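This briefing concerns a predicted model. The notes below are grouped by topic and are meant to be read alongside the sequence and the structure.

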Amino acid sequence: MTRATPGRRARTVAGAFLLAATAALSTASVAVGAPDQRTCHIREGVTHQDTLGNAFIKDLYCENAPGKLYARASFVAPVTGMLNSTTSWFVCWTMGEPHPGGNNVWYYTQGQETVQMPSINAWGTIPANHLWTDQDPYPGLPRCPWW
C-alpha cells in the first residue's frame, strides 16, 4: 500500500478546489446574460424632456446593444450621439429607414456621448435591431410626436 506524501495530498486538495471553482465560474458565466433573461418593460411615471421641448411620462426600459444615435431615423442622418450603455430607456418609437432587424422601427433616446449637433445633447434615434424586444414597435410605448 502506498502512502500519500504531504506534497501530493496538498496538490490533490488544491486540484479539487480548482476544479470546483472552474465549474462554478463556468456555470455563472452561462447564466449571466443568457438570452432568456433579457427583458424589456414599460415604466410609468418617469419623466424625460428632450432639448426640443418634448416631455415624456413613460419609457421602455430595455437591454440593448450600444450604437449610434441619429438625428432622424435614417443611416444618412447626422450622428447626434452614442448609446454606450447596454440597458437603457427609450421614450417613443418612429418609422424610418429599413435596418438589419427586418423592419423600419426606430427608438428615440438620449445617449451618453455627444457626437454632432451638441445643442440637442445626444438625443436621437436608434434602429430597433439594437433593442432586445420581442415585438416592434413595443406595445404600450407611444409613437414619437413628430411623426
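A disulfide joins Cys40 to Cys62, with an S to S distance of 1.7 Å in this predicted model. The pair links distant parts of the chain, 22 residues apart, with Cys40 in strand S1 (residues 40-49) and Cys62 in strand S2 (residues 55-63). The count of disulfides comes to two.

**Disulfides**

- Cys40 counts as buried because its relative accessibility is 14%, and buried means under 20%.
- Cys62 has a relative accessibility of 0% and therefore counts as buried.
- The other link joins Cys92 to Cys144, with an S to S distance of 2.1 Å.
- About the S-S bond, the link of Cys92 and Cys144 has an angle of 95° and is right-handed.
- Because Cys92 lies in strand S6 (residues 92-95) and Cys144 in the segment after S9, this pair ties together parts that are 52 residues apart in sequence.
- Both Cys92 and Cys144 are buried.
- Counting bonded cysteines along the chain, the disulfides of the protein follow the pattern 1-2, 3-4.

**Strand pairing around S2**

- Strands S1 and S2, which hold Cys40 and Cys62 respectively, pair in the antiparallel sense over seven bridges.
- These two strands form a hairpin with five residues between them.
- In the turn of that hairpin, Gly53 has a positive phi of about 95°.
- Cys62 has Ser88 as its bridge partner in S5; the sulfur of Cys62 is joined to that of Cys40.

**Aromatic pairs**

- The count of aromatic pairs comes to nine.
- One of them is formed by Tyr108 and Trp123, whose rings lie 5.0 Å apart, centre to centre.
- The planes of these two rings make an angle of 35°, and the pair is tilted.
- Tyr108 belongs to strand S7 (residues 105-110) and Trp123 to strand S9 (residues 123-127), so that the pair links distant parts of the chain, 15 residues apart.
- Tyr108 and Trp123 are both buried.
- Ring pairs link Tyr108 and Trp123 with Phe56, Trp89 and Trp146 into a cluster.

**Largest pocket**

- The volume of the largest pocket is about 190 Å³.
- The pocket is lined by 16 residues, and those closest to its centre are Leu52, Ala71, Arg72, Tyr108 and Ile120.
- S9 contributes the largest share of the lining, three residues.
- By residue class, the lining divides into 10 nonpolar residues, five polar and one charged.

**Points to locate in the view**

- Which residues does the ring cluster contain?

Methods:
Residues are numbered from 1 along each chain as its sequence is written. This is a predicted model: local features need pLDDT of at least 70, side-chain atom pairs count only at pLDDT 80 or more; totals for chains, interfaces and linings use all residues. Side-chain values use heavy atoms; hydrogens and water are left out. Rings of Phe, Tyr and Trp (its six-membered ring) pair if their centres lie within 6.5 Å; planes under 30 degrees apart count as stacked, over 60 as edge-to-face and the rest as tilted. Helices (H or I, at least four residues) and strands (E, at least two) are DSSP runs, numbered from the N terminus. Buried means under 20% relative accessible area, exposed over 50%, partly exposed in between (1.4 Å probe, protein chains only). On a 1 Å grid over the protein atoms alone, a cavity is a set of points where a 1.4 Å probe fits but cannot get out, and a pocket is an open set with protein on both sides within 12 Å along at least five of seven lines; lining residues have an atom within 4 Å of a point. Grid points are joined across faces, edges and corners, and a volume is the space filled by probe spheres set on the points. Ala, Val, Leu, Ile, Met, Phe, Trp, Tyr, Cys and Pro count as nonpolar, Asp, Glu, Lys and Arg as charged, and the others, Gly among them, as polar. A disulfide is a pair of cysteine sulfur atoms within 2.5 Å. Two strands pair if DSSP finds at least two bridges between them.
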